[in-house]
Number of protein chains: 4
Amino acid sequence: MSDLTTQVRAFAEERDWQQFHTPKNLAMALAGEVGELLAEFQWLTPEQASAVMEDTEAAARVRAEIGDVMIYLTRLADVLGIDLVEAALTKLDEVAVRYPVHQVKGSAAKR
Amino acid sequence: MSDLTTQVRAFAEERDWQQFHTPKNLAMALAGEVGELLAEFQWLTPEQASAVMEDTEAAARVRAEIGDVMIYLTRLADVLGIDLVEAALTKLDEVAVRYPVHQVKGSAAKR
Amino acid sequence: MSDLTTQVRAFAEERDWQQFHTPKNLAMALAGEVGELLAEFQWLTPEQASAVMEDTEAAARVRAEIGDVMIYLTRLADVLGIDLVEAALTKLDEVAVRYPVHQVKGSAAKR
Amino acid sequence: MSDLTTQVRAFAEERDWQQFHTPKNLAMALAGEVGELLAEFQWLTPEQASAVMEDTEAAARVRAEIGDVMIYLTRLADVLGIDLVEAALTKLDEVAVRYPVHQVKGSAAKR
């Protein structure tokens, strides 16, 4: 993970793209890539979507879109000085408190 | 990273939420969280956005939103059987070939 | 429709918000609102999503989110000098040519 | 506007695409198109973004993306039985009450 952060940073610096990689721009780029990821699933039935990785071509596209999303999320976190995994683990602890197992089990009320 | 994947999976399984965590639903949830992240930056000038982590309250909100995005991205990748870091590194290799340093240095033509 | 454009513009000008309503910021705000709209549907089955307007509370939330999306889209189009309905009709003509009825009938290949 | 709704509906029905045009799928498609719109602005400075319609090629792309967003928003509203303009006007009335001119003038606190 830290290796990925370093490689994405080097990729940007070699191309002198730090000037474009502001938090605002990177958040937009992240949203754009998530939009492309959505497009892979939008016309599929739930069943088709769940089986998407069995189709070689679709699987390759989904993997590439997931990769793009992760690249921009890693870059955005790096520019903001946020540790991505730590931020996720901290948030997970918070939502675990907010949604106690015995209250939400099997319910989609919130998620 | 693999620890995060395991913890997010356990979080979902304890709550019996696998039934909701289909690729299609998770892609939508990911997009929803990215929308909340965008909302943190949308009215800021580029300068304000770049300094967002210096404001304690805004920094906490941004860290929490980044955490949420990472949680859903991790969960989606897990459900699809995709290694997040590997997918990003593979894609980074591809874009490095597509955007050679000498051709794109300092240009926003593509990114 | 032109009445809506005028009212949204007046709303912004009365609050001296033109300074925030740049195309870039409005595009982000639009995406943020679409994220909130997605959140209304993300954990629903296709059947539940199709029946969402039968639940009074969910219907009110969906209507409000659709309203928000339309407000920002109207404002963005106004700031860019684009006629929203004309842009949609023009684009519809183009996709009608691109997806001839006899070729795509009943197929989700593209949409 | 009602003409647009009718034409978009006819477009879908001629292609037998009602089966794909569920609220959930259309919300995803809308988000995907907004992602493409964001991509037009993400690397531009605020100044470049504000002048985007002066560049013939960029203007055509932005107009087409706005058209796509409007098509899916119109279709989603139609499928849900929501009047798009009415929903926006109703919401505008609500936010006008929530953000009184004398309290928020010139402030980006909320928008």
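How many residues of chain C are in contact with chain D? The count is 62 residues of chain C, and they touch 62 residues of chain D. This is a predicted model. The predictor gives the complex an ipTM of 0.95 and a pTM of 0.96. The points below follow the interface between chain C and chain D, then turn to chain A.

**Area of the interface**
- The size of an interface is often given as the accessible area lost when the parts come together.
- For chain C and chain D, about 5,700 Å² is buried between them.
- Carbon and sulfur atoms account for 75% of that buried area.

**What chain C brings**
- Polar contacts between chain C and chain D come to 17 residue pairs, with both residues at pLDDT 80 or more.
- Six helices of chain C each supply at least two residues of the side that touches chain D: H1 (2–14), H2 (23–41), H3 (46–50), H4 (56–80), H5 (84–98) and H6 (101–104).
- H4(C) gives the most to this side, with 13 residues.
- What kinds of residues make up the side of chain C that touches chain D? They divide into 44 nonpolar, nine polar and nine charged.

**Salt bridges between the two chains**
- Chain C and chain D share two salt bridges.
- One of them joins the side chains of Lys91(D) and Asp68(C), at 2.5 Å from N to O.

**How the copies are related**
- Two copies of a chain are related by a rotation about an axis and a shift along it.

**Inside chain A**
- Over all chains, the structure holds 20 salt bridges.
- Among them is the pair Arg61(A) and Glu40(A), whose closest N and O atoms are 3.0 Å apart.
- This pair links distant parts of the chain, 21 residues apart.
- Arg61(A) lies in helix H4 (residues 56–80) of chain A, and Glu40(A) lies in helix H2 (residues 23–41) of chain A.

**Confidence**
- Chain A has an average pLDDT of 95.
- In chain A, 97% of the residues score at least 70.
- Where pLDDT is low, the predicted coordinates should not be read in detail.

Definitions and conventions
Residues numbered from 1 in each chain as written. Chains lettered and ligands numbered in written order. Heavy atoms only, no water. Contact = heavy atoms within 4.5 Å. Buried area = accessible area lost by both parts, 1.4 Å probe. Salt bridge = Lys/Arg side-chain N within 4 Å of Asp/Glu carboxyl O. Polar contact = N/O pair within 3.5 Å; in protein donor to acceptor, adjacent residues only side chain to side chain. Helix = DSSP H or I, 4+ residues; strand = E, 2+ residues; numbered from the N terminus. Nonpolar A, V, L, I, M, F, W, Y, C, P; charged D, E, K, R; others polar. pLDDT = per-residue confidence, 0-100.
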